[in-house]
Amino acid sequence: MSVIIFSEPLRLYLIRHGEVEGAEDGKLFGQTDVELSERGLEQSRRLADRLAAMRLTAVYSSDLRRSYLAAEMIAGRHGLKVQQDPAWREINMGLWERRSIADLHSEAPEQVQQLFSDPSSFTYPGGESFTAFAARIQAALDHLVAGYEKGEIALVAHAGVCRAIIGSVLQMPMRTWLRLAQEYGCLNAIDWYELNPVLRILNFE
């Protein structure tokens, strides 16, 4: 227990990218490489300002532009290069990409219900299962955390990625992940004391 209390932690600033173009239409984008809206760009600049005083030693990002642009802004304040990786992409929503939940509910209400009530058994038509997605994110997270004993690093990713990481840290069942609010441009912070994670900040805008 003394290790948990007194050791210097590894802090992960976990960030959801800013608002994207078309967000007002309620569309699902998943791995579709959409652009940030003007509001999303402003949210990214605000995040870079907020983290400018931190002692970041590394900045990671999904390779999708909506995450990578914010990561570049943050990294630039610290003289760092963004380490982008497709492992941090949002879940692949297959045939549901660029569709709205409202439209999908009219066409396939049982599938939409399954998505929200039992995501562990759900696979997006033509896309990725939540089980495979969760395994992908957990493997990437384990690799990331294993590379640092302490310090401060940032990861700019997607709502689903943030929920998967936070849900894993809190040992939440997958069916409750959507109870974790993750607004566009929000900031979360998790400290690891060796292998013991502590959620410090959640959905800060």
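## E128 and its surroundings

E128 is in contact (heavy atoms within 4.5 Å) with Q31, E90, I91, N92, T123, F133 and R136, leaving aside neighbours within four places in sequence. E128 sits in the loop between α5 and α6; helices (H or I, at least four residues) and strands (E, at least two) are DSSP runs numbered from the N terminus. Its relative accessibility is 13%, so E128 counts as buried (under 20% relative accessible area, with exposed over 50% and partly exposed in between; 1.4 Å probe, protein chains only).

This is a predicted model, in which local features need pLDDT of at least 70 and side-chain atom pairs count only at pLDDT 80 or more, while totals for chains, interfaces and linings use all residues. Residues are numbered from 1 along each chain as its sequence is written, and side-chain values use heavy atoms, with hydrogens and water left out.

## Sheet and helices

An open sheet of six strands has the order β3-β2-β4-β1-β5-β6, with mixed pairing; two strands pair if DSSP finds at least two bridges between them. The edges are β3 (82-84) and β6 (196-204), each with a single partner strand, so one side of each has no neighbour in the sheet. On average, neighbouring strands of this sheet are turned by 20 degrees against each other, direction ignored. Strands β1 (residues 10-16) and β4 (residues 151-157) pair in the parallel sense over seven bridges, and R16 has A157 in β4 as its bridge partner.

Helix α2 (residues 38-51) lies across β1, β2 (56-61), β5 (187-193) and β6, at about 165 degrees to β1. Helix α3 (residues 65-76) lies across β1, β2, β3 and β4, at about 170 degrees to β2. Axes are lines fitted to C-alpha atoms, for helices over the stretch in contact, and angles run from 0 to 180 degrees between N-to-C directions.

The largest pocket has a volume of about 670 Å³. Of its 30 lining residues, L28, E90, M93, A159 and R163 are the closest to its centre. A pocket is an open set of points on a 1 Å grid over the protein atoms alone where a 1.4 Å probe fits, with protein on both sides within 12 Å along at least five of seven lines; lining residues have an atom within 4 Å of a point. Volume is the space filled by probe spheres set on the points, which are joined across faces, edges and corners. Helix α7 gives the most to this lining of the largest pocket, with three residues.

The second largest pocket holds about 160 Å³ of space. Helix α6 gives the most to its lining, with five residues.
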